[in-house]
Amino acid sequence: MSGDYVNLLADLKEDEVLALTKKRLDAKEDPMKILEDSRKGMEVVGSRFAGGEYFLPELVFSGELLKQINELVKPHLKGAVTQKKIGKVVIGTVAGDIHDIGLNIVDFMLDVNGFEVTNLGVDVPIEKFIKAVKDTKTTILGLSGFLTPAFDAMKETVEALEKEGLRKNLKIMIGGGQMDDDVRKYAKADAYGKDAMAAVALSKKWIGAA
Amino acid sequence: MAREWSEMTWQERREERFKKWLNPPGVKFPSPAIEKTYKERATRMIKAFRMEIPDCVPIHLAASSFVAYNAGYTYKDLLYDYSKVVPAWTKFVDEFDQDTADAPGLFPARAYEILDYKVNKWPGHGLPDRSTLHNFVEKEYMNADEYDLFINDSFDFGLRHFTPRTWGAFEPLADMPSFSDFQGIPERLMMMCQDPRFQKLFKAIWKASQENAKHQKVMGECAQISLDRGFPPLMGGIMLAPFDTVADLLRGTRGSVKDMFRQPEKLLETLEIITERSRESAVAMTNMSRSPVVFVPTHKGADAFMSVKQFEKFYWPTFRKLLLGVINEGCVPMIVIDGSYNEDRLKIISELPKSSVVWNMEKTDMAMAKKILGDSACIAGNVTAAQLYTKTPEFIKEYVRYLIDTCAPGGGYILALGSGIDKCDPANLQAIVEAGREYGVYN
């Protein structure tokens with residue numbers, strides 16, 4: 001059953017995977033097992049995306065399916081789910097930019113790949129990034145931006161982190177819209193990632209899990 | 001005797017529009033020399049569109065809010081202080097020797113504020129004052145279960161659903177019964193005027209229109225400044241690919257993506273309706289303009305958004321139909337490809353009638369674009385915003401040289417930016433012009 005379940009989710013069969021979720025819950029199956037299978041399904045989605053078979057529509061839609069599965073499973077869970085996290089990442093869209101589609105996909109793909117993600121949202125002022133890096137003691141920061149004003153906002157954010165003495169133990173990745181490796185150099189970040197799976201690969205590499 | 005419009009081929013219609021562009025009705029140039037310059041520039045563009053060989057590669061710089069920073073102002077300054085617009089624009093057109101110039105692409109921020117426009121945020125209105133561009137607020141302005149409303153009566157959907165959701169002042173429209181009956185309209189309008197909520201709305205429209213008029217006056221002055229310096233206007237009309245209309249404006253990216261899986265038929269049916277409406281409006285705008293060009297910013301058909309298979313199903317068929325519709329009316333669609341198009345996508349778009357459109361690339365590999373589209377259409381681009389921000393004038397000149405060497409042979413190339421630009425070293429923008437004039441001469 002669990003192999004079918006993983007495939008149904010990976011193939012984005014909405015009605016079937018939700019029906020099977022209900023069936024498994026009705027059969028009193030351990031809800032943690034269902035969540036584990038959905039995590040495996042998302043892994044397949046991620047690798048299909050990285051392999052060029054899936055694109056943004058499939059990623060977004062798989063997120064929708066996962067949300068619905070979680071809602072169905074939640075009432076059956078005893079106590080809070082404490083999944084072991086492999087690392088911490090703070091992400092946010094820099095000041096002056098309110099784009100969140102890419103940001104939220106990165107959030108969700110990092111999360112399903114085992115990271116504890118602190119998503120600061122959009123139009124994030126520099127001070128908020130600094131506070132989050134201090135509070136979470138993260139070693140990875142992801143800066144998102146879609147338009148050209150993000151170039152300077154990213155540069156200023158990185159410079160401020162340097163001034164605060166937080167840069168040394170911090171790996172910074174950038175991504176989104178008009179970002180590229182030229183902007184990465186300009187902003188003095190460590191890496192540019194072209195999509196959400198690149199963010200996952202970079203984060204895994206930086207925590208030594210790749 | 002001149003042939004009737006209805007009997008002309010699309011090429012003949014386009015020639016009529018080119019004639020109007022070359023000899024703009026009602027325009028009196030300050031001197032014969034300026035008129036000559038205007039015609040030389042317009043001819044350069046026209047030859048590039050037709051994929052013929054002009055005297056040199058035409059240059060087009062869509063500079064957006066760079067115009068403010070180049071003059072020592074901020075974007076917010078130009079949005080709110082009309083007195084700064086003309087000096088900033090004058091400085092820009094005097095400094096950069098390109099082949100077209102319209103007026104700065106500023107929207108009437110004060111009028112939008114009065115009417116509580118919700119689809120944009122800008123410096124001073126939802127974004128920090130120092131922000132250098134406005135941002136679009138993407139939301140599901142049409143709900144997933146409202147496709148039928150749109151399909152059955154898109155005007156009514158716009159009046160009672162879309163407008164009140166996107167303009168706060170128009171909220172009273174959401175509570176009105178449908179306006180679709182052919183009779184009783186005067187009575188309905190009287191009743192509205194008696195209603196205090198609509199009285200408030202009408203007052204707001206009046207007040208906003210006063211601000212809009214001031215804004216338009218300044219934009220008109222800028223357009224005149226461009227003409228007086230011999231710059232042909234470029235932007236005649238504007239339209240979006242039908243899928244982008246849904247994914248940007250109506251359902252948002254998330255909403256449209258869900259619909260691709262859950263209700264593809266409704267989505268496709270809606271795209272057909274949008275195609276016809278967009279064609280009508282783009283042609284009407286171009287008819288009112290001096291320029292034959294229809295500007296088409298594109299977003300969600302690019303490599304980073306959808307697969308080629310999805311592009312072929314959801315994006316291209318209605319976009320193609322829309323492009324052919326405006327081409328058939330003699331307009332020249334100038335399509336800006338945000339992000340990049342890969343080989344498969346370039347092959348798909350290469351099937352339009354020869355020399356009927358211009359593809360302005362942001363990050364697409366220009367060598368590949370020339371190889372695949374070289375026999376099909378004029379291409380333009382692609383000095384990127386990142387290059388303008390982060391590189392030196394020497395680098396930019398070298399890159400422009402590469403672009404000209406790669407894209408200009410045989411004609412059909414316009415030297416242009418990959419996107420708008422807000423802030424950069426003006427010397428980098430100047431380097432484009434210098435390199436273009438130096439390396440872009442055809443022998």
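Guide: Two strands pair if DSSP finds at least two bridges between them. Strands (E, at least two residues) and helices (H or I, at least four) are DSSP runs, numbered from the N terminus. This is a predicted model: local features need pLDDT of at least 70, side-chain atom pairs count only at pLDDT 80 or more, and totals for chains, interfaces and linings use all residues. Residues are numbered from 1 along each chain as its sequence is written, with chains lettered from A and ligands numbered from 1 in the order in which they are written.

Visitor: In which sense do strand E4 and E5 of chain A pair, and over how many bridges?

Guide: Strands of a sheet pair through backbone hydrogen bonds, either parallel or antiparallel. Here E4(A) (residues 171-175) and E5(A) pair in the parallel sense over 2 bridges. A:Met173 has A:Ala191 in E5(A) as its bridge partner.

Visitor: What is the strand order in the open sheet?

Guide: The order is E2-E1-E3-E4-E5 in chain A, with parallel pairing. E2 (115-119) and E5 (191-192) are the edge strands, each pairing on one side only.

Visitor: At what angle do helices H6 and H7 of chain A pack?

Guide: Axes are lines fitted to C-alpha atoms, for helices over the stretch in contact, and angles run from 0 to 180 degrees between N-to-C directions. H6(A) (residues 126-136) and H7(A) (residues 149-163) pack at about 45°, with axes 10 Å apart.

Visitor: Which residues meet there?

Guide: Contact means C-beta atoms, placed from the backbone, within 7 Å. A:Ile126, A:Phe129, A:Ile130 and A:Val133 in H6(A) meet A:Glu156, A:Thr157, A:Ala160 and A:Leu161 in H7(A).

Definitions and conventions:
Two residues are in contact if their C-beta atoms, placed from the backbone, lie within 7 Å.
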